[in-house]
Protein chains: 2
Amino acid sequence: MAYRILIVDDEPILTELLSTHLQDHGYAVSVANSSDEALAKLNTKPNLILLDINMPGMDGLELCKVIRNHIVCPILFLTARITEQDKVNGLRAGGDDYITKPFGLQELIARIEAHLRRDERHNRPPEVVTSQGLIINLSNRKVFWNEQELSFSKREFDIIEFLSSNPNQVFDKERIYEAVWGYDAEGDSNVIKEHIRKIRAKLMQASGSEYIETVWGMGYRWKK
Amino acid sequence: MAYRILIVDDEPILTELLSTHLQDHGYAVSVANSSDEALAKLNTKPNLILLDINMPGMDGLELCKVIRNHIVCPILFLTARITEQDKVNGLRAGGDDYITKPFGLQELIARIEAHLRRDERHNRPPEVVTSQGLIINLSNRKVFWNEQELSFSKREFDIIEFLSSNPNQVFDKERIYEAVWGYDAEGDSNVIKEHIRKIRAKLMQASGSEYIETVWGMGYRWKK
DNA sequence: TTCGATCTTGACGGAATTTTGACTTTCTCC
DNA sequence: GGAGAAAGTCAAAATTCCGTCAAGATCGAA
């Protein structure tokens, strides 16, 4: 499943550029052009946040402290400032790294990857999801119904992973698309319908029960 | 077997001195006079790294972060800087200790020994991996199927070592490339396919069974 | 330097997966 | 009950990924 990155910067040109570039590298990107917007988008549960320090209203440092109260993930500051004092302030506020503008996109990707990996090591998400006799092992990507192993393709498993890790929550197709593919669906999102169908068929065949529920007009929900 | 220590410093006089001194104390020493050289020498799997912070190009802190993505071993910074901020940076980069220049050679040896001891206790990797009749000896890099010794090239063994040390986990080609070659693959990572093919052929010929499983779209997994 | 082994590259075919588009069914709201 | 939107189904096309081979590059020992 693609990592989700939240970009917070009041400079639309920059966010647009970054967004495109990160998407090209397979990340799912959300953009917030203000602190308020950023807070609103925290519910997308980003795996990493890129945060501009200089913003009108609540600035990046302030925002960083607030974010730290809500979720745990690496926060990288984007900044033109480079003084020692700024770094200290940033670290105090709870930031994990500094990237000074202008920066190379290569470097940015490298840092992001390093942090995501480190985060992965320290902050391991639950490895196994169980659900009425079904065992979904996220680390080796295997699914069992009792003794029997069920086989899913990459996309199928990605969808299962996403939904089953957030049980009882409804996600619309766009959100699923974003989480699994790493970017927004363009036109018709029939793809998801099709994958859901395959998943359901396999699960039904093995277990005889429905795990994915359709919430009409809203999306899908993993029943637990 | 002697402990291997990697010294990274752009000051030849210093590295020469240290090298001699450490060798006198029974250590196997490699020297790198630049960050690039250091990365190249990671495959010697040092048991401990002495790292200068001030270097041209990628500095010690940066290098430390990179190293941390590849191997686990104590990293001691050699530095003239002593500010609090530097310590924070160093520790955050993944360093284990600081030694400020100028330092006494006695003190250096003492610290090295302390860290090696600690490392030994906590973090001793298994020397031998066994897997359905197959014996993989990581310390002398030999592989046996029952009585018969199988021969693998360096790259081949490196891949076997990495995968078999993390059984049942799926690694994509990039991750394998990074673990074995020590840096990112640039373009096509066909190399891995080819090596995997060779490995499989040898293992299959000797044992008649598959050890490396392909997870379509995801990578490879060592079956255990 | 030469030779052999190892490592790397590029191309290709086939297999598995993913996506598409047309169509049917189901649901909601009037 | 009917229109329209949303979801489900199916088969076929498009794409991606893997395994394989052959040949060129590189490395290391003699």
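Q: How many helices and strands does chain A have?
A: This is a predicted model. Chain A holds both kinds of element, and its count is eight helices and 12 strands.

Q: What share of the residues in chain A is buried?
A: A residue counts as buried if 20 or more other C-beta atoms lie within 10 Å of its own. Chain A has 224 residues, and the buried part is 30%.

Q: What share of the chain A contacts with a separation of 6 or more joins residues 24 or more positions apart?
A: Contact here asks for C-beta atoms within 7 Å. Among contacts in chain A with a separation of 6 or more, the share from residues 24 or more positions apart is 55%.

Q: Which elements give two or more residues to the surface near DNA strand D?
A: There are 18 residues around DNA strand D. Those that come nearest include Lys193(A), Arg197(A) and Lys193(B). The elements giving two or more residues are α8 (190-207) of chain A and α8 (190-207) of chain B.

Q: How many charged residues does the surface near DNA strand D have?
A: Asp, Glu, Lys and Arg count as charged. Beside four nonpolar and eight polar residues, the charged ones number six.

Technical notes
Residues numbered from 1 in each chain as written. Chains lettered and ligands numbered in written order. Predicted model: local features only at pLDDT ≥ 70, side-chain atom pairs only at ≥ 80, totals over all residues. Helix = DSSP H or I, 4+ residues; strand = E, 2+ residues; numbered from the N terminus. Buried ≥ 20, exposed ≤ 12 C-beta atoms within 10 Å, placed from the backbone. Contact = placed C-beta atoms within 7 Å. Near = placed C-beta within 6 Å.
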